[in-house]
Amino acid sequence: MRKPDSTPMLETIDVARHFDVSRPLVQRLLAREGRRVLRAVDGISFAIEKGTTLSLVGESGCGKSTVARLVVGLYGPTHGSVVFDGQDLAQARANSEQRRRMQMIFQDPYASLNPRWRVRDIVAEPIRAFGLTQSAAEIDARVGELLTQVGLSPLDGQKFPHEFSGGQRQRISIARALSSNPEFLVCDEPTSALDVSVQAQILNLMKDLQARLGLTYLFISHNLAVVRQVSDRVGVMYLGRLVELAPAETLFNTPRHPYTRALMEAIPDLEMTGRQRIPVGGEVPSPIDPPSGCPFHPRCPLANDRCIAERPEMITARGTAETLVACHAVEEGRDRVGEPLIAA
Amino acid sequence: MTVPLLEVRNLRVEFPTRRGTLVALDDVSFSIAPGEVLGVVGESGAGKSMTGAAIIGLLEPPGRIAGGQILLNGRRIDNLPYSELRKLRGREIGAIFQDPLTTLNPLYTVGAQLIETMVTHLPLNPAQARAKAIEWLELVGIPAASQRIDSYPHEFSGGMRQRVVIALALCAEPKLIVADEPTTALDVSIQAQVISLLKSLARDKGTSMMLVTHDMGVIAETADRVAVMYAGRIVEIGAVRNVVQQASHPYSAGLMGSIPPVGRRLERLQQIDGSMPRLSSIPPGCAYNPRCPKVFDRCRVDRPELMPAKDGNLAACWLYAEQGVPRHA
C-alpha cells in the first residue's frame, strides 16, 4: 500500500463542458434562431481520495460519460478545472510520466480492442508508448504477468480479440489499462455490456486489483445495484449537474434528493416479487433547453414555486451531515424523509 | 390445469453453416396458460430471443425449425405458409422488441401505423380505427393523444416510442404477446413506467405474455412463471418466487446469486467462473457441467431432461434424479 496522502487523486472544481449544437450558419439565419448550446456537464465539483472509488450514476444523457472524458483529458473543460494529484490536468497531460498514471476502461469490449492486433500487442502498446521497458523479452514477461493478473493465461497473448468472449475481452481491456502501472482508472460503464454472471467476475476482479495495487477508481454506471457494490462515495447526476453526493452507505440507506429517491424506487428488485411500484412520471428533459430553477422540478412531487424559479446549490443535508444535496425541499425540511415519495 | 394458450413441444432450431449444423435450440418445451406471464431468462446466446422469434415465425435465415411443434390454441403454427402467418401476427400474437426506433416505420405517422394494423385485422373502417387508435394512445399514457396521433416516430422520446410500440402490439387485441427485452433500451425510471403499463394492460385484457429479458428484477416483478435457459435448452422452469429465491438448478442458483443486490453491500459477489459455451462446442452430457460446482460423473456423460426438483420446479439436473426428490415437494 502507498503511504497515506491527503491530496485527492482527482478533484474537479465547478467543471463544465458545453457543446455547440447549432445548425449551420445559413440555416440559422433563415430560421432566425440563435446558437444552441448543449450543457452536457454544467458545473460539477467532487474529489476522489487516493485508494477509494467514487461512482457517478444517472440516466442516459445526464453527462456522466462526459465527466469521464473530462477527467482523463479527452475533452477540455469549457470552464472550471480538473486537478490531478494537486496539478492542473492540462499540465499533467503534457507530461508523459503523469499521463501514465491515469487510464480508462470503456464500456464496449467489442469496440475498444483493435480486431487486427494480437492480444499481446494490445496489452504491450502502453508499455511501448511510455517507454517503460525496452527489451522484447521484458515486455513479453510483463504482458504474461498482466494477463495472469486479470485471470487469463499468458498463452492467450497469441490470440486475436475475436477468439474471446465479452467478459474475457473486458479482462484484456483491464490488462491493457494496467500495463502502464496507473494509479487512477476511469471506468465508463465497464460491465454494462456483459451478462450478470460475467459482470460479477469483472466487479470482483476490479475489487481485488484495487486492494492489491491501491488503485483509485472513478466508476461511471447507470446501475445502482452495481454502484452499491463497488463504491466508497457516490454522486448522482441529473441533466449535467450533481444533485447528491454522499458516502455510498449513507446514500443507499437514506437517499435525500427526490431524484435519488425516485431512482431507488424504480429499480426492480429480486426480493420484491409481485410488488406494485409507483414510478415517478415524466422523462429526462432535453439538456439543450433545461427547465428553469431545479432541473428536476417538472417531475418532482415536492416541487414548489421556489424550485421553479431558483436553481438549488449543493448544501449539507440536515440529518445526514456527510451528504451534499442540491434541493430546496431538503433545505427547508419539507422532504418527508423515510416516507414514500409519492403517496399510494 | 387449463388448456394452454401456447404450447411449445420439443422445439429444435438449427443453423446450417459451412462448418456443420449448429443447434441453437434443442428440445425446448413449455406452455403458457391464458392470462399468464412467462418470463424467459438467460445470458446472451442462451436462445431466449430465438425462442420468441421461432414462435412469431421471424427466425432469421438460415435458421430454421428442424423439429418439434408450436401450438396456439391447439392449432399448429410452426408450419403455416407465409400468408397465414401474416394474418396470425398482430391478430393473434403481438410482438414488442427491444428497440422501439427500429420497430416503427419512420416514414409513417404513428396513427397511420396503428390504423393500418387495426384495419387489417379487425372489422373496422379507417375512421373507426382512428378513434380507436386515439383511445389506445391514451391508454398507454401518451399525453394529448388526439394531436400526437399525427406525429412521426422521431418526434417521440424513447420511453414514449416504446409506449407506441406497446399500443401497436396490443391494438388488434392478440391473445399472446411476445415481448423481447421491452425495457432494455430504456432508462430505469422509464423502465418502471413501461413495465407497470405492460403489466396492467396484460391483466386488464387477459393477454398472455412471454417476456424475454436478461433483467431478473423485471421478471421477479412481472412474471408468474420463469423459464431459465442455458446453451439452447431450458434448464429450469417454475413459479417465479421459487426460481428466484430457491432455484433448483445450479445454473439458475448461480445466476440469481450473481445479481448485485441494491439493498445491501456484499464484500464479494457470487460469480460463475468461465462463460457459456459456444454453440459449436457444447460439451457432452449437461452443457453446464464444466462450470457447475456440484458436477459429478453422470453429468459429463448423460444429458439430463427436465425432472421434478424443489418446490414443484422442473430442473434439468441429475442432482434430482439421484436424490429422488418427491414430485409433490
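Two residues count as being in contact here if their C-beta atoms, placed from the backbone, lie within 7 Å. With that in hand, welcome to a predicted model in which chain A touches chain B through 37 residues of chain A and 39 residues of chain B. Chain A is split into two domains, while chain B brings together 12 helices and 12 strands. The points below take the domains, the interface, chain B as a whole and then one of its helices.

**Domains of chain A**

- Domain 1 of chain A is made of two stretches, 8-101 and 182-332, and domain 2 covers 114-180.

**Where chain A touches chain B**

- The contact pairs 37 residues of chain A with 39 residues of chain B.
- Helix 8, helix 9 (224-230) and helix 11 (258-266) of chain A are the elements giving two or more residues to the chain A side.
- Helix 8 of chain A again gives the largest share, here 7 residues.
- By type, the chain A side divides into 17 nonpolar, 11 polar and 9 charged residues.

**Chain B as a whole**

- Chain B has a radius of gyration of 21 Å, close to the 20 Å that the globule rule gives for 329 residues, so chain B is as compact as a globular protein of that length.
- Along its principal axes, the C-alpha trace of chain B spans about 65 × 50 × 45 Å.
- Of the 329 residues in chain B, 49% are buried.
- Taking contacts in chain B between residues at least 6 apart in sequence, 62% join residues at least 24 apart.

**Helix 4 of chain B**

- Helix 4 of chain B runs over residues 110-121, which gives it 12 residues.
- From first C-alpha to last, helix 4 of chain B reaches 17 Å, close to the 16 Å expected at 1.5 Å a residue.
- Buried residues in helix 4 of chain B are B:Val110, B:Gly111, B:Gln113, B:Leu114, B:Ile115, B:Thr117 and B:Met118.
- The cover over those buried residues includes helix 2 (82-91), helix 5 (126-139) and helix 7 (158-170) of chain B.

How values were computed
Residues numbered from 1 in each chain as written. Chains lettered and ligands numbered in written order. Predicted model: local features only at pLDDT ≥ 70, side-chain atom pairs only at ≥ 80, totals over all residues. Domains from an automatic or database assignment. Helix = DSSP H or I, 4+ residues; strand = E, 2+ residues; numbered from the N terminus. Nonpolar A, V, L, I, M, F, W, Y, C, P; charged D, E, K, R; others polar. Rg over C-alpha atoms; globule rule 2.2 N^0.38 Å. Buried ≥ 20, exposed ≤ 12 C-beta atoms within 10 Å, placed from the backbone. Expected span 1.5 Å × (residues − 1).
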